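User: I would like to learn how to read contacts in a model. Please take me through them one feature at a time.

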Amino acid sequence: FQAKVDFSTGAHTISGNIKVNQDDPAGTVGYALLGSSTLNIGGDLDFTHMTVTKGTSTLTFNGNASSNQTFTTDNKGIQNFTLNNNQATYNHLVINGTLDVSGTSTFTDGTLDLAAHNPTVNLRGNIAVTAASSLPGTGTVSFLGNLGYNDTSGSFDLGRITIGASPDWTAAAARDAAKALKRDIDLGTDPMSNRHDERSAPTIN
């Protein structure tokens, strides 16, 4: 049967694992309505077989004393993300599947492990890093949208990062621009000829 959990508002602490148990490997049998809640998660989080309504929620991974955590996203997006794992031994959060964060990403403590599964990471809001570290993978890490990045840790390495949509031009638009440029050059127009005028033109407010 299908089940639904409505976290609605407020803070909820779950020290164990969150997942949907089912024998059939296909289909959705769980629904998680996150609302405006804050989930403090001590175990693994697995979105497989689950429909997730992210709302304005925050997922905070606090860790536990017996094992590293794994977040299996099933390529489902979340709103706000926090890693705050101060465990002495098991302080890793392993990301399995695309991590897509629409809001803020806060890395306070612990190790973000991107090396185990090499996931795609899309961060669309402000990013703050304090005492956390990371294990970079070979997946694509993208900063998307108008965001700020503040890192005071000195040890946070996400690997190769793409900033913004790349490329912003389509291949067809790039070809059209190249054709227009070549046409101007063939006609004897210097594309750089107005550079000096543009630089010295007064600004009128």
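Analyst: Start with a charged pair: the side chains of aspartate 74 and lysine 76 form a salt bridge, 2.3 Å from N to O. This is a predicted model: local features need pLDDT of at least 70, side-chain atom pairs count only at pLDDT 80 or more, and totals for chains, interfaces and linings use all residues. Residues are numbered from 1 along each chain as its sequence is written, and side-chain values use heavy atoms, with hydrogens and water left out.

User: What counts as a salt bridge? How many are there by this rule?

Analyst: Side chains of opposite charge can pair when their charged atoms come close. The rule asks for a side-chain nitrogen of Lys or Arg within 4 Å of a carboxyl oxygen of Asp or Glu. The count is three. In another of them, arginine 124 meets aspartate 100 at 2.8 Å, N to O. Arginine 124 sits in the loop between strand 14 (121-123) and strand 15 (127-129), and aspartate 100 in strand 11 (residues 99-101), so this pair ties together parts 24 residues apart in sequence. Strands (E, at least two residues) and helices (H or I, at least four) are DSSP runs, numbered from the N terminus.

User: Is aspartate 100 buried or exposed?

Analyst: Relative accessible area decides: buried is under 20%, exposed over 50%, partly exposed in between (1.4 Å probe, protein chains only). Aspartate 100 is buried at 16%. Arginine 124 is partly exposed at 35%. Aspartate 74 is also partly exposed, at 34%.

User: Which residue forms a salt bridge with aspartate 186?

Analyst: Lysine 182, with the closest N and O atoms 2.8 Å apart.

User: Now rings. How many aromatic pairs are there?

Analyst: Rings of Phe, Tyr and Trp (its six-membered ring) pair if their centres lie within 6.5 Å; planes under 30 degrees apart are stacked, over 60 edge-to-face, the rest tilted. That gives six pairs. Phenylalanine 61 and phenylalanine 71 have centres 5.2 Å apart and planes at 35°, so they are tilted. Phenylalanine 61 lies in strand 7 (residues 58-61) and phenylalanine 71 in strand 8, so the pair links parts 10 residues apart in sequence. Phenylalanine 61 is buried at 0%. Phenylalanine 71 is buried at 0%. Ring pairs join Phe47, Phe61, Phe71, Phe81, Phe107 and Phe156 into a cluster.

User: Which residue in strand 10 is the bridge partner of phenylalanine 71?

Analyst: Isoleucine 95. Two strands pair if DSSP finds at least two bridges between them. Strand 8 (residues 69-72) and strand 10 (residues 92-96) run parallel, joined by four bridges. Strand 10 also runs parallel to strand 13 (residues 111-113), with three bridges. There, histidine 92 stands opposite threonine 111.
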